[in-house]
Amino acid sequence: MKNKGAIAMTFAILSLLLIACGNNESMMNEETNKESSQMNSNSEESMDGMNHSGSSDIPEGLKEAKNPTFEVGSKAIITANHMKGMEGAEATIKGAYETTAYVISYTPTSGGEKVNNHKWIIQEEIEEAGDENLEKGKEVTITASHMMGMNGAKGIIESSNPTTVYMVDYMSASEGEEVTNHKWVTESELTFK
């Protein structure tokens, strides 16, 4: 009788262990699926950490330009080389906004090396920036997500440029991929087609 009880108890324990292992495997698969999903949602992020494509959402308080040199819907040629494949690409203007554009240096919140002279962060992408132009050397907190580890990072203003900034779509000249809602190029970084 004792053997039957011991066998039954062993069988019950083994059953519980198998169930627990099955649940653990299920949880591991769930975690793997989440990671895979996150990687897919970041598929537009290149190895350099730059979000080549982005959302069409604009920062709160950003004002549309009244008479931009490049009208929304028009075509222009990009002369900037912020990233590979940008210079010389034909852009479609998606939005034109009056603001101050900043060159900043910052250390990503995700770790890694300091990013020097990143172009561009705009006034409305700096925490509590207000309406005043920020001076060179000022430490700021970034609210933009153009690159991995940018949102929430502390940065230093390197230079400022009151200008019209543009959100553009373009076909990367080197990658052959379509880039949508790229933020930002300044007016001086575009020429007429």
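Where in the chain is H146 found? The points below take up this residue after some remarks on the model as a whole.

1. Basis of the note. This is a predicted model, in which local features need pLDDT of at least 70 and side-chain atom pairs count only at pLDDT 80 or more, while totals for chains, interfaces and linings use all residues. Residues are numbered from 1 along each chain as its sequence is written, and side-chain values use heavy atoms, with hydrogens and water left out.

2. Confidence. The pLDDT, which is the predictor's confidence in each residue on a scale from 0 to 100, averages 81 over the chain, and 73% of the residues score at least 70. Over residues 21-49 the pLDDT is below 50, and this stretch has eleven contacts in the model beyond near neighbours in sequence, a contact being heavy atoms within 4.5 Å.

3. Overall architecture. The chain has one helix and eight strands, which run α-β-β-β-β-β-β-β-β from the N terminus on; helices (H or I, at least four residues) and strands (E, at least two) are DSSP runs, numbered from the N terminus. Of contacts in the chain between residues at least 6 apart in sequence, 60% join residues at least 24 apart.

4. Surface and burial. Of the 193 residues of the chain, 36% count as buried, where buried means under 20% relative accessible area, exposed over 50%, and partly exposed in between (1.4 Å probe, protein chains only). The chain exposes about 11,900 Å², of which carbon and sulfur atoms supply 51%; accessible areas come from the Shrake-Rupley method with a 1.4 Å probe, and for residues only the protein chains shown count as cover.

5. H146. This residue is found in the loop between β5 (139-141) and β6 (154-171), and H146 counts as buried because its relative accessibility is 8%. The side chain of H146 has a polar contact of 3.0 Å with the side chain of E125, and it also reaches the backbone oxygen of W120 at 3.4 Å. A polar contact is a pair of N or O atoms within 3.5 Å; within protein, one must be able to donate a hydrogen and the other to accept it, and residues adjacent in sequence count only if both atoms are side-chain atoms. H146 and H182, 36 residues apart in sequence, have their C-alpha atoms 8.9 Å apart in space.

6. P59. The loop between α1 (2-41) and β1 (63-64) holds P59, which counts as buried at 17% relative accessibility. Not counting residues up to four places away in sequence, P59 touches I122, E124, E125 and W184, and the C-alpha atoms of P59 and I126, which are 67 residues apart along the chain, are separated by 9.8 Å.

7. T100. In strand β3 (residues 90-106) lies T100, buried at 6% relative accessibility, and its side chain makes a polar contact of 2.7 Å with the side chain of N133. Leaving aside neighbours within four places in sequence, the contacts of T100 include I121, I122, S160 and P162.

8. Aromatic pairs. A search of the whole structure finds three aromatic pairs. F70 and Y166 form one that is edge-to-face, at 5.8 Å centre to centre and with 85 degrees between the planes; the pair links distant parts of the chain, with F70 in the loop between β1 and β2 (75-78) and Y166 in strand β6, 96 residues apart. F70 and F192 form a tilted pair, at 4.6 Å and 35 degrees. Rings of Phe, Tyr and Trp (its six-membered ring) pair if their centres lie within 6.5 Å, and planes under 30 degrees apart count as stacked, over 60 as edge-to-face and the rest as tilted. F70, Y166 and F192 form one aromatic cluster, in which F70 is buried at 4% and Y166 is buried at 0%, whereas F192 is exposed at 58%.

9. Nonpolar cores. A nonpolar core is a set of buried Ala, Val, Leu, Ile, Met, Phe, Trp, Tyr and Cys residues joined through side-chain atoms within 4.5 Å. Of the 17 residues in the largest such core, I78, Y166, V168, Y170 and L190 touch the most other members, and the elements that give two or more residues to this core are β2, β3, β6 and β7 (178-186). Apart from it lies another core, of 15 residues, among them V115, I121, M150 and I157.
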